Amino acid sequence: MKIGLLIVDMQEHIVRNQVEKSKIDHACEYINHVADALRSQNHVVIQIQDIEGMDEAKPEEYRCIPEIDVKHGDLTITKQNSNAFWQTELEQVLSSQNVELVIIGGFAVEECVTFTYHGAEERGFKPVLLQNGILSAHPDAITSALRDRNVVSYPVIDYLVK
């Protein structure tokens, strides 16, 4: 089974002033571990970047935060809507790579992460949220997401890719 990791909106202008640094570091540790495990077995890692309203004068604010390890071979999909599948090539990219299981991590669980989760489900993929790899400015949103959606932990992912 081919696996894809979607790292949603982990960009300077989006996450930096919304979440405490310690929470960002904690989530990034899990995201980076899973990304490395997937890369080691030729699975797919995709950075999802929100470019809605991008100000050309400050493109550095739209880059991925340095706590996320972006590696050669990772893909980048840009979006202008909350659902990373809506009006993007994400579905085609995942299908062309034969991805079945879509692991989703990043910011903000109450919006873009959840909307992308449902977008994956609507298109026939099997979505799961990365336990400890999702962020929100609202802690109760994380609790709700973990209660109401499929979740996977990094030890399970380690097992699946070996």
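Helices (H or I, at least four residues) and strands (E, at least two) are taken here as DSSP runs, numbered from the N terminus. The model is a predicted one, in which local features need pLDDT of at least 70 and side-chain atom pairs count only at pLDDT 80 or more, while totals for chains, interfaces and linings use all residues. Residues are numbered from 1 along each chain as its sequence is written, and side-chain values use heavy atoms, with hydrogens and water left out.

Six strands form an open sheet in the order β3-β2-β1-β4-β5-β6, with parallel pairing. Its edge strands, β3 and β6, each pair on one side only. Pairing here requires that DSSP finds at least two bridges between two strands. Strands β1 and β2 are parallel and share five bridges, and five bridges also join β2 to the parallel strand β3 (residues 75-79).

Ile7 has Gln47 as its bridge partner in β2, and Gln47 in turn has Thr76 as its partner in β3. Ile7 also stands opposite Gly105 in β4. Further along the order, Ile103 stands opposite Val128 in β5.

A residue is called buried under 20% relative accessible area, exposed over 50%, and partly exposed in between (1.4 Å probe, protein chains only). By this criterion, seven of the seven residues of β2 (residues 44-50) are buried, so that the strand is mostly covered. In a regular strand the side chains alternate between the two faces of the sheet. In β2, Val44, Ile46, Ile48 and Asp50 point one way, Val45, Gln47 and Gln49 point the other way, and all are buried. Strand β4 is largely enclosed by the rest of the structure, because eight of its nine residues are buried.

Leaving aside residues up to four places away in sequence, Ala35 touches Leu5 and Val45, where contact means heavy atoms within 4.5 Å. The C-alpha atoms of Ala35 and Val93 are separated by 17 Å, the two residues being 58 apart along the chain.

Helix α6 (residues 154-161), which includes Leu160, has Ile157, Asp158 and Val161 as its buried residues. These cover an arc of only 105 degrees around the axis, which puts them on the same side of α6; the arc is that of the directions from the helix axis to the C-beta atoms. An α-helix has 3.6 residues a turn, so residues three or four places apart point the same way. The buried residues of α6 pack against β1 (2-8), α2 (21-40), β4 (99-107), β5 (126-135) and β6 (151-152).

Leu160 itself counts as partly exposed, at 39% relative accessibility. Together with Met1, Val156 and Tyr159, Leu160 makes a nonpolar surface patch of about 440 Å². Patches are made of residues with over 30% relative accessible area and no salt bridge, with like charges joined within 9 Å and nonpolar side chains (Val, Leu, Ile, Met, Phe, Trp, Tyr) within 5 Å. A salt bridge is a side-chain nitrogen of Lys or Arg within 4 Å of a carboxyl oxygen of Asp or Glu. Accessible areas come from the Shrake-Rupley method with a 1.4 Å probe, and for residues only the protein chains shown count as cover.

The backbone also deserves a look. Most residues other than glycine have a negative phi, and most peptide bonds are trans. The peptide bond from Phe107 to Ala108, however, is cis, with omega near -10 degrees; Ala108 lies in the loop between β4 and α4 (109-122). Asn42, in the loop between α2 and β2, has a positive phi near 60 degrees and is exposed, with a relative accessible area of 61%. Gln87 is not a glycine, yet has a positive phi of about 60 degrees. The loop between β3 and α3 (90-96) holds Gln87, which is exposed with a relative accessible area of 66%.
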